[in-house]
Amino acid sequence: MAIEWKIKSFEALSVHELYDLLRLRSEIFVVEQNCVYLDLDGKDKVALHLFGEFEGKIVAHARLFKAGISFENASIGRVTVAADYRDRKWGHDLMREAIAGILIHFGESQITIGAQLYLKKFYESHGFMQTSDMYLEDDIPHIEMKKE
């Protein structure tokens, strides 16, 4: 069985989908990375939510934004794959789907992200280039990266 990708607006998410997306993000960004921060930043309401389901469970998620919301360009954020599924390389599939989703839904090809520094090579493999010095966000090293 393959992963099934879906893109939905905030309003189109079911209550169960929203709960599962938020739980996945909390498992990774709060518990796994031991980082206390406010995940609910108000941007979920204006994002398109790309998520992957496998065997009835949401195992991957990213938020897609049109230009002007997080950055001057369109952007991708909260890129997550459940720990139990990372060996399947679905993070790469998630990024390909996210880049395509930005183009299809927003007509944009220029994308800016705020990437955790340790994932620099991962994002470079998808055509992103570092465009800032390292900065701390919630005490985690980040860099800005752009894809033209």
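Predicted model: local features only at pLDDT ≥ 70, side-chain atom pairs only at ≥ 80, totals over all residues.
1. Strand β3 is joined to strand β4 (residues 74–81) by five bridges, and the two strands run antiparallel.

2. A student may next look at the largest nonpolar core, which has 38 residues, and in which I76, I113, Y123 and F128 have the most contacts. The elements giving two or more residues to this core include the strands β2, β3, β4, β5 (111–116) and β8 (140–147), together with the helices α1 (15–32), α2 (90–106) and α3 (120–124). Of these, α2 gives the most, with six residues. As general background, nonpolar side chains tend to be buried together in soluble globular proteins.

3. The structure holds five aromatic pairs. The pair of Y85 and W90 is stacked, because the ring centres are 5.8 Å apart and the planes stand at 10°, an angle under the 30 degrees that the term stacked requires. F122 and Y123 form an edge-to-face pair, with 5.0 Å from centre to centre and 75° between the planes. Ring pairs also link F54, Y85 and W90 into a cluster.

4. The residues of these two pairs can be checked for burial, for which the relative accessible area has to be under 20%. Y85 counts as buried because its relative accessibility is 13%, and W90 is buried with a relative accessible area of 9%. F122, at 19% relative accessibility, also counts as buried, and Y123 is buried with a relative accessible area of 6%.

5. Among the 10 salt bridges of the structure is the one between E53 and K6, whose closest N and O atoms are 3.1 Å apart. This pair links distant parts of the chain, with E53 in strand β2 and K6 in strand β1 (residues 4–9), 47 residues apart. E53 counts as buried at 16% relative accessibility, whereas K6, at 22%, counts as partly exposed.

6. The salt bridge between E27 and R23 has an N to O distance of 3.0 Å. Both residues lie in helix α1, and because they are four residues apart there, about one helical turn separates them. E27 is partly exposed at 35% relative accessibility, and R23 is partly exposed at 47%.

7. A further salt bridge joins the side chains of R63 and D44, at 3.2 Å from N to O. R63 is in strand β3 and D44 in the loop between α1 and β2, so the pair ties together parts that are 19 residues apart in sequence. Both R63 and D44 are buried. Through shared partners, salt bridges join R25, D41, D44, R63 and R78 into one network.

8. Finally, the surface has a nonpolar patch formed by L117, M134 and L136, which together have about 280 Å² of accessible area. L136 lies in strand β7 (residues 135–137) and counts as exposed because its relative accessibility is 56%.

Definitions and conventions
Residues numbered from 1 in each chain as written. Heavy atoms only, no water. Patch = residues over 30% accessible without salt bridge, like charges linked within 9 Å, V, L, I, M, F, W, Y side chains within 5 Å. Areas by Shrake-Rupley, 256 points an atom, 1.4 Å probe, with all protein chains shown as cover. Salt bridge = Lys/Arg side-chain N within 4 Å of Asp/Glu carboxyl O. Buried < 20%, exposed > 50% of the residue type's maximum accessible area, 1.4 Å probe, protein only. Phe/Tyr/Trp six-rings, centres within 6.5 Å; stacked < 30°, edge-to-face > 60°. Pairing = 2+ DSSP bridges. Core = buried A, V, L, I, M, F, W, Y, C linked by side-chain atoms within 4.5 Å.
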